[in-house]
Amino acid sequence: MTDIERWKKIIISLPEHIFFDLIRNYLGDVKTPFNKHDLIEKFASFLRKEKNINIILSLIDKQDAYVLTLLDILGPVEIKALYHFFSDKKSYYDFYIHLQNLEERMLICTDKDAEESPLLIISPIFEDVLREKIINPSLVIPAIDASEDLKKETETWYSESILFVVLSYLLGQELVLKLDGNFKKRIKEELKEIFPGKMNAGSEPRIDIMRKVLKRLNLVRQESGVFKPIIERWKEFMSLSFSERQTLYMGAFFSSNYRLYFSLIDKFMRIVCSTGKGFSKNSLLKIIDLLFAKNSLPHEEWRDDIIRILTGLEYLIKEEDIYYPNRAYFSIIKKEENPASSGKESDHFILQPNFDILVSKNINFRDGVMLAFAANIKRYSNVINFTLSKESFLRALRVGYTGKDIVDIFNALTGYPISQNVKFSMESWEKEYKSLEFYKGIVLVADEKKSNIIDNSGYFSSGLCRKISEESGVYLIDEKNIPVLLDAFNKAGVDNISLPHSLVTNPAEVEIEKPLIPLFREDLAIVRHIDGFELDYDKKTYPIPEKIDTDFPDIREKVESSKFTAAQKEVVFDRIERKLILSPEQVRKGSARIEKTEARGLDYSGKMRIAEEVAGNSGYLAEVIENNNEGESVRRLIKAEKIEKEGNAFYLKGVLLMDNSEVSISISKISLIRKIRTSLVAG
């Protein structure tokens, strides 16, 4: 559907009193017989004349342009969501009347095809010309030109290697926290030595930020001031791609609700980076608020934290009171996973005979996590310096690595066999560690015949923990491997297997534990998609005045010289003030229709008549002014539903247009009641 067809569809669906009021204003009296489609064609032709378009554009002031720019950024939006951006500037009544005026001028209208409530949009008939000549993001979000230096990419302190280095540090400590949850003084001094200029800058220490990330992703749990890794979570986390991990910990920088935050932060950074501009804090908050509104998210007070943390991460660079986006964000977010631990570069990984390890920051993440478990961090600088010790090596064994695993990874990373003294020490440590072992599992006892089948068939190797005795058919198995072993016995032609009663649901079935849903994968699958928007600061628009002078002497002269009564002239002058009369040609009989729309003061019968006209009539709203208990005048805009008598008094009842709260107003206490034609929004 073309823009003009969309506009025609909206206009023809208007209530008749609105439709004909618009037609009479712009085209004059409607002659009978008439055809609505023909009238709409004439109306469209009138509005699309170049002369009239130029006049309509010339009557747009900054307040108008502000609303139009907001609508362009937000797209279809509910009126109450739009009001959020005006609530500190004007009352809901003034805001509503302004929107109504923009609708009468055909600059905005309502998309009533929306599934739920009608959504406000820029009028399709003027959409292109308004974007070209009026809409300007600087009206809503002021920006400042950035110098060439500030447009460049600046290296941030954060990289993926920080994550496993912090893990290594936390695992290498005993008690690192005081009772109040803050780091001990000794720990803070160590951090300054280990992370020179990296982790101790900013209002919130970066080690605290990283600690929160690890906890929010449930990669570690905190027990009495000690951090313990959750191994299954780390195994899954290591299996993710770089971009998937980035999604998770970027969100976790801000909140445990990282499913929402990553997409929100990503869209925010893409918007500000694309402009090449600098922004005040208020402008950045406006961008965040627009993202909330565009995606129907509740407005949150913690949006200030987004700016604070992005600045702490150096994705925003603050100079004086202006924030400049760091384009390094794009490099980080677009980085591809380093395919595998290379070991091909001699300086990539060095394991020295004194057990010191030197490794570059671009080490594969999986290998970096292994290092975090197997070695203690000494210094994080241009090159990462670990040290291997008995305690750190045993720590790796306790989380599931074997000595062979560690030796194989070290050999692959260095590109040549590790020194004999290091290898001998690790073998000695492992032998001592395994000299006393506890196992948790189920014992399988097999006779000699079945034991031969188990030992000599390749079907069973993946299902057994270990053979307890070489001289007897006694094996240790993990309960979760029973289905695998049953399948192996079936392939080997063995049936009639004796199972513990707790594992049997009926003689023919074994209870098979369903695999756990990978939690990170589940999180990634439901990351909320956030729609962004573009801010084009380079286009040239009309100079837009702060306020429009509606004197228009040629139009007023035509009114004064007409045969209109004084009351009719007042009606036409009001339309001129509302920018609905574009030229003297519009000053015709149809533009001077008089309708009693208000009653005030002691005119009780007039107030009652207006109340009766608006009550239950979807075509009108009631503007009501009454005095409150403090004697102050209160103006409210009401959807009037009915009039009820209570005792000797009559009450107008309905709901406030702003929040749908119920109201009941004594008609005798109303100082003014005015019926307001329902705007296209509420019609």
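Is Lys281 buried, exposed or partly exposed, and what is its relative accessibility? Lys281 counts as partly exposed because its relative accessibility is 33%, where buried means under 20% relative accessible area, exposed means over 50%, and partly exposed lies in between (1.4 Å probe, protein chains only).

## Basis of the description

This is a predicted model, in which local features need pLDDT of at least 70 and side-chain atom pairs count only at pLDDT 80 or more, while totals for chains, interfaces and linings use all residues. Residues are numbered from 1 along each chain as its sequence is written, and side-chain values use heavy atoms, with hydrogens and water left out.

Helices (H or I, at least four residues) and strands (E, at least two) are DSSP runs, numbered from the N terminus, and two strands pair if DSSP finds at least two bridges between them. Strand 9 pairs with strand 10 (residues 356–359) in the antiparallel sense over three bridges, and Leu351 has Ile357 in strand 10 as its bridge partner.

## Two hairpins

Strand 19 (residues 620–627) pairs with strand 20 (residues 633–646) in the antiparallel sense over six bridges, and Asn627 has Ser633 in strand 20 as its bridge partner. These two strands form a hairpin with five residues between them, and Gly631 in the turn has a positive phi of about 80 degrees.

Strand 20 is also joined to strand 21 (residues 649–656) by eight bridges, and these strands run antiparallel. The bridge partner of Ile638 in strand 21 is Leu656. In this hairpin there are two residues between the strands, and Gly647 takes a positive phi near 70 degrees.

## Salt bridges

A salt bridge is a side-chain nitrogen of Lys or Arg within 4 Å of a carboxyl oxygen of Asp or Glu, and by this rule the count comes to 38 salt bridges. One of them joins Lys281 to Asp304, with the closest N and O atoms 3.3 Å apart. This pair links distant parts of the chain, since Lys281 is in helix 17 (residues 281–294) and Asp304 is in helix 18 (residues 303–312), 23 residues apart. Asp304 counts as partly exposed, at 28% relative accessibility.

Lys491 forms a salt bridge with Asp487, the closest N and O atoms being 3.3 Å apart; both residues lie in helix 25 (residues 482–491), four residues apart, about one turn of the helix. Arg600 forms a salt bridge with Glu598, and their closest N and O atoms are 2.6 Å apart. Arg600 is partly exposed at 45% relative accessible area, and Glu598 is partly exposed at 24%. Both belong to a network of salt bridges that links Glu598, Arg600, Glu623, Arg635 and Arg674.
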